[in-house]
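The entries follow the order in which I looked things up.

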Amino acid sequence: MKIDRKSQFAANEPIRLGGRVEADGDPADRRLLEGYLREMGATARLQPEEEVRLAGDLRDSRRSLCELFHGLSEPWRARVLDPGDAVTREERDWTREELERAYERLSRVAREDDSPELSSVLAEARHCKTRLDRARDAMIVSYLGLVVRVVGKFKNRGIPLLDLI
């Protein structure tokens, strides 16, 4: 299924079903949903080049983090890497959760020990993690905006908006 990137819906308009935004419960829920839809609908869509760049940032940041963890000298590696985090695995096998845990352990160990090696590795890991988080967040927000715009095409078809989202 090909998705038309040029939505027919105004980006700053909330998606309405039957003249109002559908939300179960009180009017406050409806206002929150309207605000969410307005914000997500106004989110700029990623251009193909930007999508490729962000995907590259995700891949490169992830690889760099794994290389940093694998490159730690032995006493630090044992304290930073969990025994379940097999150090022989390639970076593409590490889950986001494993990377997050290793980063948190590195931060904790670096706070506990005043080691120049760990301080340097932590600074580089922070840079990689910030780059990874920014790229991931940009893609998530953009795709949520796309979801809201696509969902708008199904309005007034008897399916509750929240079910579609």
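**Entry 1. H2 against H5**

I began with H2 and H5, which pack at about 150 degrees with their axes 9 Å apart. H2 is therefore roughly antiparallel to H5. For the angle class I used these cut-offs: under 35 degrees is roughly parallel, over 145 roughly antiparallel, 65 to 115 roughly perpendicular, and the rest oblique. The axes are lines fitted to C-alpha atoms, for helices over the stretch in contact, and the angles run from 0 to 180 degrees between N-to-C directions. I noted the crossing of H2 and H5 as left-handed; that term applies if the near helix is turned anticlockwise from the far one by less than a right angle, and right-handed applies if clockwise. On the H2 side, the residues in contact include Leu 54, Asp 57, Leu 58, Leu 65 and Leu 68. On the H5 side, they include Val 121, Cys 128, Arg 131, Leu 132 and Tyr 143. Contact here means heavy atoms within 4.5 Å.

**Entry 2. Basis of the model**

I recorded that this is a predicted model, in which local features need pLDDT of at least 70 and side-chain atom pairs count only at pLDDT 80 or more, while totals for chains, interfaces and linings use all residues. Residues are numbered from 1 along each chain as its sequence is written, and side-chain values use heavy atoms, with hydrogens and water left out.

**Entry 3. Overall make-up**

I counted six helices and zero strands, in the pattern α-α-α-α-α-α along the sequence. Helices (H or I, at least four residues) and strands (E, at least two) are DSSP runs, numbered from the N terminus. Of the 165 residues in the protein, 33% are buried. I took buried as under 20% relative accessible area, exposed as over 50%, and partly exposed as in between, with a 1.4 Å probe and protein chains only. Among contacts between residues at least 6 apart in sequence, 68% join residues at least 24 apart.

**Entry 4. Helix H4**

How far apart are the end C-alpha atoms of H4? They are 24 Å apart, which agrees with the 24 Å that the 17 residues of H4 (residues 96–112) should span at 1.5 Å a residue. The expected span is 1.5 Å times one less than the number of residues. I listed the buried residues of H4, among them Leu 99, Ala 102, Tyr 103, Leu 106 and Val 109. Their cover includes helix H2 (48–70), helix H3 (74–80) and helix H5 (116–152).

H2 and H4 pack at about 50 degrees with axes 11 Å apart, and are therefore oblique to each other. Their crossing is left-handed. In this pair, Arg 62, Leu 65, Cys 66 and Phe 69 of H2 meet Leu 99, Ala 102, Tyr 103 and Leu 106 of H4.

For H4 and H5 I found an angle of about 145 degrees and axes 10 Å apart. This crossing, too, is left-handed. Tyr 103, Leu 106 and Val 109 are among the H4 residues in that contact, and Leu 118, Val 121 and Leu 122 are among those of H5.

From helix H3 I looked up Arg 79, which is partly exposed at 34% relative accessible area. Not counting residues up to four places away in sequence, Arg 79 touches Arg 105, Val 109, Glu 112 and Asp 113.

**Entry 5. Salt bridges**

How many salt bridges does the structure hold? I recorded 12, each a side-chain nitrogen of Lys or Arg within 4 Å of a carboxyl oxygen of Asp or Glu.

Arg 131 pairs with Asp 57, the closest N and O atoms being 2.9 Å apart. Arg 131 lies in H5 and Asp 57 in H2, so the pair ties together parts that are 74 residues apart in sequence. Asp 57 is buried at 12%, whereas Arg 131 is partly exposed at 31%.

Glu 50 and Arg 53 form a salt bridge at 2.7 Å, N to O. Both lie in H2, three residues apart, about one turn of the helix. I noted that residues three or four places apart point the same way, because an α-helix has 3.6 residues a turn. Glu 50 is partly exposed at 30%, and Arg 53 is partly exposed at 41%.

Asp 60 and Arg 59 meet at 3.2 Å, N to O.
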